[in-house]
Amino acid sequence: MNVITTQSLTKKYKDIIALDEFNISIPENKIIGLIGKNGAGKTTLLKACAGRIRQTSGEVKIFGEKVFDNLDVLSKIVFVDEESQYDDSFRVKDIFALAACYYQSWDDDLAQKLIKHFALKQTQKYKKLSRGMKTQVNIIIGICARMPLTILDEPTLGLDAAVRKDFYNILLRDYMNHPRTIIISSHLLNEIEILLEDIVLIDKGKVLMNVPVEEFRNYSVALVGESTFLKEFVQDKEVLDESSLGNASKYVIKNEITEKEKKHLVSNSIDIQSVSSQDLFIYLTSKGGFYEEF
Amino acid sequence: MKNSNYIKNAYKGLLLNFYFDYKSLISVSAIITLSLVVFDFLVTIIVLQFSNSMSNENSGVLVVGFVTMLIALGIYASLSTSKSEMKAKFAFPINRMTFAVSNLIALILGSLTMLMVITMIAPIEVVLFSIAAKFSDKLIYVNEVTLNTYLIGFISSWVYMIAFGSILHCMFMFIRRYTLVSLIVIAALILSVITFGWLGNIVRFLFLEQSLFMLVLKLGVISLVLNVLAFIPTKTMEVA
């Protein structure tokens, strides 16, 4: 069963098109990474899926039903916003008391452990918390709500590297014990990659790619070597990025090289390198040519 | 079919949310009212030193408390409809209907609690001024409140507070959603009431009533209608 299905989903803000005829299907019980540049439409998509905004046209269905103002569906979703989203005048303990009321599957034991782990003061007011502490409150709610659809929009903003690592471990462990559909949007693809099963790459409000993470990792290769040879070799290939220094060039191409071609490259002293997911994300979503202007 | 547990959870959560809102609202208003009572007492004591006689009525705190609570309710109505407040409420799984119904329930219970708090402060005024009157011949303290007048005042204040809260909630919901149009309509309505006598009569007919039963009935219906009206901009409202 698909948890999220969108059909020609379009969202416009005046004359800006945030989502443009967006089509996607997301199956249940997977951790999905939503990747895209700033302004690609990630947050708009997540807000539409969480029933926070209405689409201009098209359709978004969660668990097979329309989501906007539908309590049956909304009660199966927890949405952790990148911005602070709870009442500023409330104390931390009040916010957790509310979460315990609203979410049927709320795990209070885990919440208490995480509050202790993150050393959050429960009597402190939400507005007095630092950016990182607010994020910690948000992610505790995101994890402990244990909703069938957990949406985390930039969940690690303001956290230092050690706490981010903690969060990834806690999330993964909880997911193993309580499988559910988790969507994480993040700029830090290299960090969240180990959590993900599928990657959805979006750009300018459209889906560029929706593939298993292994397929994404193997999507491209980098060829490094003598410029003239490589230039001729990549003529009929899809080049994602190219750079040169003196007589040597580096071409990042779509990984469609046959075994025969590989042998041919190696015999001509061409180095075949893997491309990190983070770099691939940049190659796929950048126009290129920017640096040449400087 | 709707899962009744989801609805139950939404109402439970929302009412707890409104309880937190009203708790701080009532606490602040109660402190202000109490401070005014003590201030009034101190002023009376000081003035007594320089005057020959003075009288005080013990309905003072009830009026002061009522006005303070009305002002607090007005401020709350304007803040509670703000974008950030709406976002905070809709951060949890609720729908627009549960929000609207809970808001009305919270207004009814919140106003009741406010009046009960004022009632609890009233004896402090009575005790303070009774002690002062006992020790000074210059002060005459008049106890105007009887159980009957108190009950009538309590019920009519309650329905007025609910109606006042509903008017402001409805007004601010429209202003937040359709700012310019709403402001023009409100300004036109106020000018019309001032200009045309018959409109003023309608307002008087709706909001002033000798019979307590009729007053409760009229203000109850007005509050209900205003809350239904406030639901119109809420129905399609985005909370991003």
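A salt bridge (a side-chain nitrogen of Lys or Arg within 4 Å of a carboxyl oxygen of Asp or Glu) joins B:K87 to A:D81 in this predicted model, with the closest N and O atoms 3.1 Å apart. The pair crosses between chains: B:K87 belongs to helix α3 (residues 83-89) of chain B, and A:D81 to the loop between β6 (77-80) and α3 (92-102) of chain A. Helices (H or I, at least four residues) and strands (E, at least two) are DSSP runs, numbered from the N terminus. B:K87 counts as buried because its relative accessibility is 8%, and A:D81 is buried as well, with a relative accessible area of 2%. Here buried means under 20% relative accessible area, exposed over 50%, and partly exposed in between (1.4 Å probe, protein chains only).

As background to these values, the model is predicted, with local features needing pLDDT of at least 70, side-chain atom pairs counting only at pLDDT 80 or more, and totals for chains, interfaces and linings using all residues. Residues are numbered from 1 along each chain as its sequence is written, chains are lettered from A and ligands numbered from 1 in the order in which they are written, and side-chain values use heavy atoms, with hydrogens and water left out.

Over all chains, a search of the whole structure finds 18 salt bridges. One of them links the side chains of A:R217 and A:E214, at 2.4 Å from N to O. These two residues are three apart in helix α8 (residues 213-217) of chain A, so they are separated by about one helical turn. A:R217 is partly exposed at a relative accessible area of 28%, and A:E214 is partly exposed at 45%. Another salt bridge pairs A:K254 with A:E256, whose closest N and O atoms are 3.6 Å apart.

Turning to chain A as a whole, its secondary structure comes to eleven helices and 14 strands. Its C-alpha atoms fill a box of roughly 65 × 45 × 40 Å along the principal axes. Of the 294 residues in chain A, 51% are buried. Contact is defined as heavy atoms within 4.5 Å; among contacts in chain A between residues at least 6 apart in sequence, 68% join residues at least 24 apart. The chain exposes about 13900 Å², of which carbon and sulfur atoms supply 49%; such accessible areas come from the Shrake-Rupley method with a 1.4 Å probe, and for residues only the protein chains shown count as cover. Chain A carries 38 positive and 42 negative side chains, and the centres of the two sets lie 6 Å apart. In this count Lys and Arg are positive and Asp and Glu negative, while His and the chain ends are not counted; the place of a charge is taken as NZ of Lys, CZ of Arg, CG of Asp or CD of Glu.

Several buried residues illustrate the packing. A:I24, in strand β2 (residues 16-27) of chain A, is buried with a relative accessible area of 5%. Its C-alpha atom is separated by 5.7 Å from that of A:T5, 19 residues apart along the chain. Leaving aside neighbours within four places in sequence, A:I24 is in contact with A:I4, A:T5, A:T6, A:V200, A:V207 and A:N210. A:Q278, in helix α11 (residues 277-285) of chain A, counts as buried at 18% relative accessibility. Not counting residues up to four places away in sequence, A:Q278 touches A:H187, A:L188, A:L189 and A:N190. From chain B, B:F20 in helix α1 (residues 4-50) is buried at 9% and touches A:F90, A:D94 and A:L98, again not counting residues up to four places away in sequence.

Two loop residues of chain A deserve a glance at their backbone. A:D69 has a phi near 65°, a positive value in a residue other than glycine, and is found between β5 (65-66) and α2 (71-74). A:K204, between β9 (198-203) and β10 (206-212), has a positive phi near 50°. A:D69 counts as buried at 14% relative accessibility, whereas A:K204 is exposed at 56%.
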